[in-house]
Amino acid sequence: MADEYYTLLGVAKSATADDLKKAYRKKAMEFHPDRNPGNKEAEEKFKKVSRAYEVLGDDAKRKLYDQHGEAAFDPSMGGGPGRGSAGGGFRGADPRDIFEQMFGGGGGNFSDMFGGGGGAANDNAGEDLRVDLKITLEEAAEGVERKIPYRKHVACTKCSGSGAEPGAKKTRCPTCHGHGQVVRSQGFFSMKQTCPACGGEGERIDKPCRPCAGEGRVIAESHVTVRIPPGVDTGTKLRSSNNGSAGRRGAAAGDLYVYITVQEHELFERDDDDLACSVPVKFSVAALGGKITVPKLKGKTVLSVPAGTQGGTVFRLRGEGMPHLRGGAHGDLLVRVDIDVPKKMNDTEKKALKAYADACGDEAAPVSESWRTKFKKFFP
């Protein structure tokens with residue numbers, strides 16, 4: 001059927017050249033034999049989608065395919081000169097070539113083309129490790145030094161990381177002949193892989209160290225002291241080089257990554273380098289003006305509140321926020337005014353407040369008058 005190639009790629013017959021290319025990239029990555037070792041079904045699908053793209057990706061071939069289907073490229077069907085010149089006989093094409101034209105690279109080694117593969121050094125290198133650390137907002141502002149316990153692979157003390165018993169001999173690995181890699185064939189692909197017999201070492205030990213089973217490392221409790229700089233925030237990642245797991249048989253150690261979580265504070269909220277807090281202000285102070293005490297992460301300060309300050313007003317105290325992680329200026333402290341309305345009043349206070357209310361009468365203050373004007377626009 002003429003629609004089969006389109007179905008294989010998962011596109012409509014009206015698909016553009018870019019649509020075809022994107023669809024093929026996705027399908028080829030999914031079914032590539034290097035990603036599906038030993039999977040004959042995936043290998044066959046890879047061949048089919050490659051064949052589909054080889055035809056549909058060529059305007060002349062696509063036109064013939066739309067008219068005659070696969071028969072346009074089958075010599076046994078007696079196709080005319082036009083068909084033969086456009087078709088080119090895909091049956092002899094190598095799907096690997098089509099894949100490499102699309103993705104680049106050479107040699108058919110899928111792992112090398114996409115950052116995998118690697119030699120013995122990569123396979124034997126120690127793993128990177130992660131630990132999560134919670135700190136307070138104050139510690140994030142000042143910086144802190146923490147001793148962090150964790151478990152990791154360390155060099156075996158008996159063999160000093162060599163993986164061999166004292167006096168043991170090393171011989172060339174008979175599987176890879178000392179190369180550390182073996183070549184595996186997967187259909188029409190040839191792939192280099194780490195030798196499973198020697199782990200990429202190229203050598204075998206006749207008497208592996210017993211405590212570490214020849215790996216040259218064992219799991220043990222460890223600790224590291226990490227200096228956390230001022231200005232870190234939740235999600236900050238710190239790296240401690242070579243403090244991950246030790247490598248096998250003396251290979252390089254991995255790194256330790258410390259992920260920071262800054263705990264919520266009971267007074268302050270954080271927005272990047274700025275801090276924010278709400279401060280209750282007496283009605284009399286907000287109306288007449290005065291001074292209020294404002295908390296900071298370290299200590300406190302005095303803020304002058306002008307007469308007529310409304311609830312929700314925000315004052316910005318420059319440089320009183322968090323330090324920037326990479327140094328330089330600090331963020332700001334944003335102080336939001338909340339009018340403190342008393343829940344209980346004695347008789348004297350009630351009498352004084354009633355006298356104030358009577359003195360005000362119904363005459364609106366500038367703020368309330370502005371609100372009434374807006375209110376009337378919606379509710380005349």
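Visitor: What volume does the second largest pocket have?
Guide: This is a predicted model: local features need pLDDT of at least 70, side-chain atom pairs count only at pLDDT 80 or more, and totals for chains, interfaces and linings use all residues. Residues are numbered from 1 along each chain as its sequence is written, and side-chain values use heavy atoms, without hydrogens and water. A pocket is an open set of points on a 1 Å grid over the protein atoms alone, where a 1.4 Å probe fits, with protein on both sides within 12 Å along at least five of seven lines. Its volume is the space filled by probe spheres set on the points, joined across faces, edges and corners; for the second largest pocket that is about 250 Å³.

Visitor: Which helix gives the most to the lining of the second largest pocket?
Guide: Lining residues have an atom within 4 Å of a point. Here they are Phe283, Val341, Pro342, Lys344, Met345, Glu349, Ala352, Leu353 and Tyr356. Helices (H or I, at least four residues) and strands (E, at least two) are DSSP runs, numbered from the N terminus. With four residues, the top contributor is helix 11 (residues 347-360).

Visitor: How many charged residues are in the lining of the second largest pocket?
Guide: Asp, Glu, Lys and Arg count as charged; Ala, Val, Leu, Ile, Met, Phe, Trp, Tyr, Cys and Pro as nonpolar; the others, Gly among them, as polar. The lining holds seven nonpolar residues and no polar ones. Its charged residues number two.

Visitor: How many aromatic pairs does a search of the whole structure find?
Guide: Rings of Phe, Tyr and Trp (its six-membered ring) pair if their centres lie within 6.5 Å. Planes under 30 degrees apart count as stacked, over 60 as edge-to-face and the rest as tilted. The number of pairs found is four.

Visitor: Are the rings of Tyr5 and Tyr65 stacked or tilted?
Guide: Tyr5 is in helix 1 (residues 4-9) and Tyr65 in helix 4 (residues 59-68), 60 residues apart, so the pair links distant parts of the chain. The ring centres are 4.3 Å apart and the planes lie at 5 degrees, so the pair is stacked.

Visitor: Is Tyr65 buried or exposed?
Guide: Buried means under 20% relative accessible area, exposed over 50%, partly exposed in between (1.4 Å probe, protein chains only). Tyr5 has 3% and is buried. At 0%, Tyr65 also counts as buried.

Visitor: At what angle do the planes of Tyr6 and Tyr65 stand?
Guide: Tyr6 lies in helix 1 and Tyr65 in helix 4, so this pair ties together parts 59 residues apart in sequence. Tyr6 is buried at 2% relative accessible area, and Tyr5, Tyr6 and Tyr65 form one aromatic cluster. The centres of the Tyr6 and Tyr65 rings are 6.4 Å apart, and the pair is tilted because the planes stand at 50 degrees.

Visitor: Which ring does the charged end of Arg130 sit over?
Guide: A charge sits over a ring if NZ of Lys or CZ of Arg is within 6 Å of the ring centre and within 35 degrees of the ring normal. The charged end of Arg130 is 3.7 Å from the centre of its ring, that of Tyr259.

Visitor: Which residue in strand 9 stands opposite Leu238?
Guide: Strand 8 (residues 237-240) has Leu238 and Ser240 on its covered face, with Lys237 and Arg239 on the uncovered one. Two strands pair if DSSP finds at least two bridges between them. Strand 8 runs antiparallel to strand 9 (residues 256-262), with four bridges. Opposite Leu238 stands Val258.

Visitor: How far apart in space are Arg316 and Asp332, C-alpha to C-alpha?
Guide: Arg316 is partly exposed, with a relative accessible area of 41%. Arg316 and Asp332 are 16 residues apart in sequence. Their C-alpha separation is 6.6 Å.

Visitor: What distance separates the C-alpha atoms of Gly331 and Gly321?
Guide: Gly331 is in the loop between strand 14 and strand 15 and is buried at 6% relative accessibility. Gly321 is 10 residues away along the chain. Their C-alpha atoms are separated by 4.3 Å.

Visitor: What is the phi of Ala213?
Guide: Most residues other than glycine have a negative phi. Ala213 is in the loop between strand 6 (203-205) and strand 7 (217-228), and is exposed at 63% relative accessibility. Although not a glycine, Ala213 has a positive phi of about 55 degrees.
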